[in-house]
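Trainee: Can we go through the labels on this model? I want to see what stands behind each one.

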Amino acid sequence: MRTLNRHLLSFLLLGAGTIVPGARSQDNGAVGVSPAVQVKPSNGHPATITSIQPRGGADPGNFPALTPIGRPSIGLVLEGGGALGLAHIGVLRWLEENHIPVDRLAGTSMGAFVGALYASGKSVDEIQTMAMGNADVFMLQAPYNDVSFRRREDRKDLPQAITLDLNGGIGLRNSVLLDTGLNELLREQFNAYNNENVSFDQLPIPFRCVATDLNALAPVVFSKGSVAQAVRASISIPGIFPPVQYNDHYLVDGAIVDNLPTDIAKTDLNSEVVIAVHLATSDFVESDVHSILGIFSRAYGAGTARAENSGKLLANILIVAETQKFEPTDYDKARQLIEIGYSGAEHRRSDLIRYRVSDEAWNAYLTTRKARVRKSPGTLQIVKVEGGTPAADDAARRDLAPLQGKPIDAKAVSESLRRVEGNGGYTASFQTLSALAPQAPDATAGQSPDDGVVVHLREADGGHAILMAGADITAATSNVTRMSLDFRIINRDFGRFGSELRTDVRVGFLTQFATEYYRQLGSTSFFLQPHVGIIREPVYLWANQKRISERLEQQAGGGLDFGKTFSRNMQVAAQWRMQDIRWTRTTGLDQSTNFSGPVETTALHLTYDTAVEGAVSPHGLRVDFSGGYLLHTSVVRSTPFVEMKTSQTFTYRQKNLFGIGTEVNSYFHKDVPDPLRFTLGGPLRLSASSIDEYRGTDVYLARAGYLRRIAVLPPGFGQGVYATVAYEVGDAWSPQTRTTFRQDGVAGVVAATPFGVITVAGAVGDAGRRKIFFSLGRLF
């Protein structure tokens, strides 16, 4: 299993390694310019992606002067390799300590990221601090904190679901991981260089990075544009991160075609001496071909290795970082990898030290490099939005309005755009711009700071129609196993931006069909929501821990909600319901009477949720409150009711999670028919009792729990595995049964995974009640 996991993670995250105009498709064997490929950029003007010539791709007039005059220009080339690329930081530190200037820089994948940071003016200390930080860039789904109120409902209702695209058929999305966190990290790190007119020749160190064009099946080398976008394309591991859409072309990791781009350093950047850094990988072992993933991993490595070997031959000095004992996923071993890179450079001291410059020349080099750093963006004056519907574009402009007149900060802009992204229909990217007419790009002190942003909205992968599907299983000793297949179809932006049609289908232990149309009223946060549904479910009645009868409950009806969504955390709605309910005995004997007739309800419903996860939340408060009346009908008298659930969690020293929860449901001691009564019993609702064992007109439940994290899942693949203990106390009352007081203790294991919450636990309660239970899907 360990070997299989190593293959999986290596294959997923191994850096693969593209010039964009500037973007130019490159043919390494060409001696001229190949036929141009016409593409259509977002501004509507024609652009051209061409092949590069062997030399002369850059304008040497834009390069910094060499100090001292007459020395050879030195190009540094950094290879891709996932976390192994952190070794490049150690190489950069060694070069600085020994006063060896880097005049040109080229990289692929992780080498592109580290190289772009250094080329744009970041110090080695700053790069190392970032590398050893806790940026969360690996995520299977958008953070719970960032999604809209309705997407939060989806996470709570179907935490176990996988999401499928319904546009043009049923299909999976185009990547395992989302790129939200990665994009935000890159925009923050390259805040001053997120402009489409930036010339990479005029960075503090002239720079190039490589990606792979899926349309043309050729390398693409970036020499101009947003540095954040260029790096994002170069590190876009196929199938793991979504491809980058650029001028109607789709770009992925450059390591596929040129993982060690020494050719770019020589021919495009005119480097006279090329220093290349190679990241050693583990040798072949027999187990590599004993699994599908292992074979894929080795085959992928074979493709990149051929290009790497060609790149090594063009290097004047090859630094080898002995990283073969590490995996491309070892981001938590940054310090060791950086030290290995430093040692690799030290090993080539005799070859490198000949390019050392004097202290005076080194200081002049640093001064020139610092003077070429581009100014940070100024205050936000201009906001342009394109790519969405008029309503979506207007929503993005409204979200950015509070930032106008303030300094342009990439993090603040990203956070403001989360509302338009939060519903799942669009992804938003942005670049900075200047109100001045476009001119020759200038990275020197004379350049005016950017004063605007242009936001690009694109339909999210999966489009506006998606299907969520998952299984929900609950099994307990001495109980009927409950299993259902749950499906939810969501048509986002149905009718207008922000509105949607949502349909639920459940089959298995119960049968349910429900559909609702959430209609946002104009550009406000008010909404109307008509809905209809049917449900057919077996119900078991109990006495003295024994099942005495089975009944069939059937409901059909609909209603209308009118309310306001205040934020992703809070919604209030006035609700009206009309249902026809049938309650009939199918087997056994009980004291309940058959019931059939209409039930009409009005209520005020409040939902407040500050949790940070849909299932096991490290901290946050949840409140779900409904209060209203059963209206008088032919079968029910007018009766007030209240239903309220609360939960509060908090974390102590990362691994310790404490939670308390309450549930109070009441008809204020008024008698109502059995199918309208509240229930208690089952996992985490008096766990030592049978599911819905107690039925009453007034019930309460309180529980307190402690979870200790005993295992951590890979970043983005779930919160972890917890050992848990809990105490529960509850009571059910009705005019017929008066009071049923119960308490119990629970101990078990809970795993919060991308496929839902898995719970295995046992419970011991009073009156001789004991249960062992298992659940997959929801956390009750």
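Mentor: Here are the ground rules, then the labels. This is a predicted model: local features need pLDDT of at least 70, side-chain atom pairs count only at pLDDT 80 or more, and totals for chains, interfaces and linings use all residues. Residues are numbered from 1 along each chain as its sequence is written, and side-chain values use heavy atoms, with hydrogens and water left out.

Trainee: Where does UniProt place the feature "active site"?

Mentor: The unreviewed UniProt entry puts it at Ser109 and Asp253. Such positions use the numbering used here, feature names are shortened, and annotations may be inferred rather than shown by experiment.

Trainee: How do you know that they gather at one spot?

Mentor: They span 145 residues in sequence, yet no two of their C-alpha atoms are more than 6.2 Å apart, so they gather at one spot.

Trainee: Why is Ser109 called buried?

Mentor: Buried means under 20% relative accessible area, exposed over 50%, partly exposed in between (1.4 Å probe, protein chains only). Ser109 has 2% relative accessibility, so Ser109 counts as buried.

Trainee: What makes Asp253 buried?

Mentor: Its relative accessibility is 0%, so Asp253 counts as buried.

Trainee: Why is Gly171 called partly exposed?

Mentor: Gly171 has 24% relative accessibility, so Gly171 counts as partly exposed.

Trainee: Which residues does Gly171 touch, not counting those up to four places away in sequence?

Mentor: Leu164 and Asp165. Contact means heavy atoms within 4.5 Å.

Trainee: How far apart are Gly171 and Leu467 in space?

Mentor: They are 9.5 Å apart, C-alpha to C-alpha, and 296 residues apart in sequence.
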